[in-house]
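Biologist: I would like to go through this model with you. Could you begin with how its elements are defined?

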Amino acid sequence: WKKNVKKAAEWYEKSALQGDVDAQNSLGYLYDKGEGVAQDFKKAAEWFAKAATQGSAIAQCNLGSLYHHGEGVAQDLNMAVELYEKSASQGSAVAQDSLGDIYYYGRHQQQDYNKAMQWYEKAAVQGKSSSQTSLGDMYYYGRGVIKDNNKAYEWYKKAVVEGDSEAKNSLDNKKEDVITTEV
């Protein structure tokens, strides 16, 4: 496996140098994770940036994450949000979920549950389980919405179906509160 990834990195680099957007993003990913190459966040950011400028939603999201966490680039939440928004507007559930988190926890600006809800819903309908769990939490605790244990249960259940262990824990721990009665 390691040998194959190393070989793949060589081929990705050849294609990336010729401007192939998918190869640029893939090479950035390998540098980000340290697979087949030595982990190097700066090189990851460089390759993601090349693909992002060509409009790759995946690369925009990946580069946004590096700016969000200050890996390979100076931490810049404004740039992270800008990149996440570009990616999210192209339908990236990962970017939508990240934006939901930023607004839910107030990491970029002031906490904004309405914006968090909007981004989480976009990702959740695409099957992003962490967004489904976050929506369950918002309804369970009444954050930005009227507290609604039935809706919380629905979102937790969807996330469990997607395999989200946090949602399963939420259901198990809040079972008494969120179980609905059948009519």
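Modeller: Helices (H or I, at least four residues) and strands (E, at least two) are DSSP runs, numbered from the N terminus. The model is a predicted one, in which local features need pLDDT of at least 70 and side-chain atom pairs count only at pLDDT 80 or more, while totals for chains, interfaces and linings use all residues. Residues are numbered from 1 along each chain as its sequence is written, and side-chain values use heavy atoms, leaving out hydrogens and water.

Biologist: Which elements does the protein chain have, and in what order do they run?

Modeller: From the N terminus, the order is α-α-α-α-α-α-α-α-α-α-α. That makes eleven helices and zero strands.

Biologist: What box do the C-alpha atoms fill?

Modeller: Along the principal axes, the C-alpha atoms of the protein chain take up a box of roughly 60 × 35 × 25 Å.

Biologist: And how much of the chain is buried?

Modeller: Of its 183 residues, 40% count as buried. Buried means under 20% relative accessible area, exposed means over 50%, and partly exposed lies in between, with a 1.4 Å probe and protein chains only.

Biologist: Turning to helix packing, at what angle do α3 and α4 pack?

Modeller: Helix α3 (residues 41-53) and helix α4 (residues 57-69) pack at about 145 degrees, and their axes are 8 Å apart. Axes here are lines fitted to C-alpha atoms, for helices over the stretch in contact, and angles run from 0 to 180 degrees between N-to-C directions.

Biologist: Is that crossing left-handed or right-handed?

Modeller: The α3 and α4 crossing is left-handed, meaning that the near helix is turned anticlockwise from the far one by less than a right angle.

Biologist: Which residues meet there?

Modeller: On the α3 side they are F41, A44, A45, F48, A49, A51 and A52, and these meet A59, Q60, N62, L63 and L66 of α4. Contact means heavy atoms within 4.5 Å.

Biologist: Where is G72 placed, and what does it touch?

Modeller: G72 lies in the loop between α4 and α5 (77-89). Leaving aside residues up to four places away in sequence, G72 touches F41, K42 and A45.

Biologist: Why does G72 count as partly exposed?

Modeller: Because its relative accessibility is 32%.

Biologist: What about G34, and where is that residue found?

Modeller: G34 sits in the loop between α2 (21-33) and α3. G34 is partly exposed, with a relative accessible area of 27%. G34 and A44 are ten residues apart in sequence, and their C-alpha atoms are 9.5 Å apart in space.
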